[in-house]
Amino acid sequence: MAATRLIALHKNKGKSVAACLKSRTDYVQNPDKTEHGELISSYECSPLTVDEEFMLSKRQYELVTGRRQKSDVIAYQIRQSFKPGEITAEEANKVGYELAMRFTKGKYAFIVATHTDRGHIHNHIVYNSTALDGTRKFRDFLLSGLAVQRLSDLICLEHQLSVIEIKPYRERQKRVLYPPKESNRDRLCGIIDTILAEKPGDYEAFLQKLEQQGYEVKRGKYTAVKGKGQKRFIRFRTLGTGYGEDEIKAVLEGKAKHQPYQKKQAKEQPFQLLVDIQGKMAEGKSVGYKKWATKFNLKEMSKTLLFLQEQKIGSAEELRERAAAATERYHAMGDSIKAAETRLAEIAVLKTHIINYAKTREVYATYRKAGYSKAFLEAHREEIALHKAAKAAFDEAGLQKLPKVKELDAEFAELLTKKKASYPDYRKARNEMQELVRAQKNVERFFAEEKDTTEKTQTR
């Protein structure tokens with residue numbers, strides 16, 4: 001059952017077109033949603049530099065036509081969803097690619113990202129609002145959304161997929177509830193729990209039972225298994241406590257007791273900010289609200305004090321120092337990640353310019369030899385525009401010698417790896433900073449209210 005929707009992506013106020021494009025394309029290419037980027041396909045652009053290539057076509061549009069874009073539509077997005085269990089992610093991506101190609105008629109660059117993070121597989125198709133030849137913009141004609149839906153239904157029927165039947169409003173189902181998605185690792189842990197409960201004779205018998213469940217077992221230094229439809233093997237030692245090879249063998253030998261896998265519950269916030277009772281009362285809150293807020297503050301302050309004891313913080317001064325240090329550490333890590341992201345963007349743009357420069361060098365040399373002929377310019381306007389844009393970028397960067405594309409690829413891969421590796425520490429530093437700053441504010445507010453209450457009592 002395919003549900004399809006066409007959406008115009010607009011430029012956000014206060015942000016550049018380039019920043020908006022990067023934000024939208026980064027979201028649809030999220031590696032956690034697209035099986036680490038394996039469910040992404042593209043046409044006349046690279047998923048790695050799609051935002052920059054879209055921007056380049058918009059600059060070409062201005063050079064070719066002499067017109068600037070009036071509307072704030074920077075790209076278009078098609079969302080296409082499928083009935084659970086009816087199609088694989090790979091097939092869905094091919095259907096999405098076919099839809100994009102037939103709807104745009106091959107005149108606009110696009111990417112197709114298939115997401116598998118929900119109960120249903122769905123595609124995000126983002127195509128440029130500027131044509132490949134840079135001479136025109138896509139016109140969002142009347143009832144274009146209906147045209148996309150009908151084309152999607154036609155393609156789905158050609159692929160023997162079900163489509164949504166239009167029903168009267170009163171007969172429509174108001175909400176579809178999908179069961180929570182179970183990951184491959186969760187499923188494997190559950191099967192291991194079941195097999196261990198059967199008490200197989202030894203480790204080899206245990207592996208044979210896994211094979212009977214449809215898993216492919218790879219024996220070696222580290223045992224790994226792969227289920228049907230999975231692309232990668234999963235090592236036992238990566239499943240968590242209780243599922244390593246040595247731990248499973250110990251259970252089979254009767255030396256240890258197996259604890260079934262349990263999903264970690266989301267960690268609750270240890271304490272919340274205290275309510276500014278005086279400020280709320282000044283806004284006109286009732287006496288009943290004051291009673292509730294007083295009890296709430298006492299509970300949250302008790303939790304705050306327990307947190308300070310766990311952190312072994314004995315004074316307000318020490319709390320201020322710890323909070324300041326945590327804030328500084330968090331911002332330093334954030335600046336480091338932003339610097340890496342900036343350099344990644346620079347490398348992507350530079351690589352595109354180097355490739356374009358190499359492709360158009362001969363054309364531009366012929367153009368110079370022809371005495372900058374207007375006829376030659378008209379015949380090769382796109383190549384010459386790309387060459388000039390690349391040369392201007394090199395001059396702006398002050399490059400005397402162009403780096404090799406392989407070197408840029410290596411630097412890009414290294415920076416990307418470091419950036420991804422720094423995220424866990426960054427999130428940890430953020431949580432630590434938030435807890436300490438929240439505790440500091442609670443302590444300051446609590447003692448400020450105590451001081452105010454004491455002064456009023458003495459005045460009476």
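1. A cavity here is, on a 1 Å grid over the protein atoms alone, a set of points where a 1.4 Å probe fits but cannot get out, and its lining residues have an atom within 4 Å of a point. Points are joined across faces, edges and corners, and a volume is the space filled by probe spheres set on them. By this rule there is 1 cavity of 30 Å³ or more.

2. The model is predicted, so that local features need pLDDT of at least 70 and side-chain atom pairs count only at pLDDT 80 or more, while totals for chains, interfaces and linings use all residues. Residues are numbered from 1 along each chain as its sequence is written, and side-chain values use heavy atoms, with hydrogens and water left out.

3. The largest cavity, with a volume of about 50 Å³, is lined by Glu52, Leu56, Arg59, Val349, Thr352 and His353. Both α2 (50–65) and α10 (316–369) supply at least two residues of this lining (helices are DSSP runs of H or I, at least four residues, and strands of E, at least two, numbered from the N terminus).

4. The largest nonpolar core has 27 residues, and Leu6, Ile78, Phe82, Phe103 and Tyr127 have the most contacts inside it. Such a core is a set of buried Ala, Val, Leu, Ile, Met, Phe, Trp, Tyr and Cys residues joined through side-chain atoms within 4.5 Å, where buried means under 20% relative accessible area with a 1.4 Å probe, protein chains only. Of the contributing elements, α3 gives the most, with 6 residues.

5. A second, separate core of 20 residues includes Ile191, Ile195, Val217 and Ile248.

Terms used: Buried means under 20% relative accessible area, exposed over 50%, partly exposed in between (1.4 Å probe, protein chains only). On a 1 Å grid over the protein atoms alone, a cavity is a set of points where a 1.4 Å probe fits but cannot get out, and a pocket is an open set with protein on both sides within 12 Å along at least five of seven lines; lining residues have an atom within 4 Å of a point.
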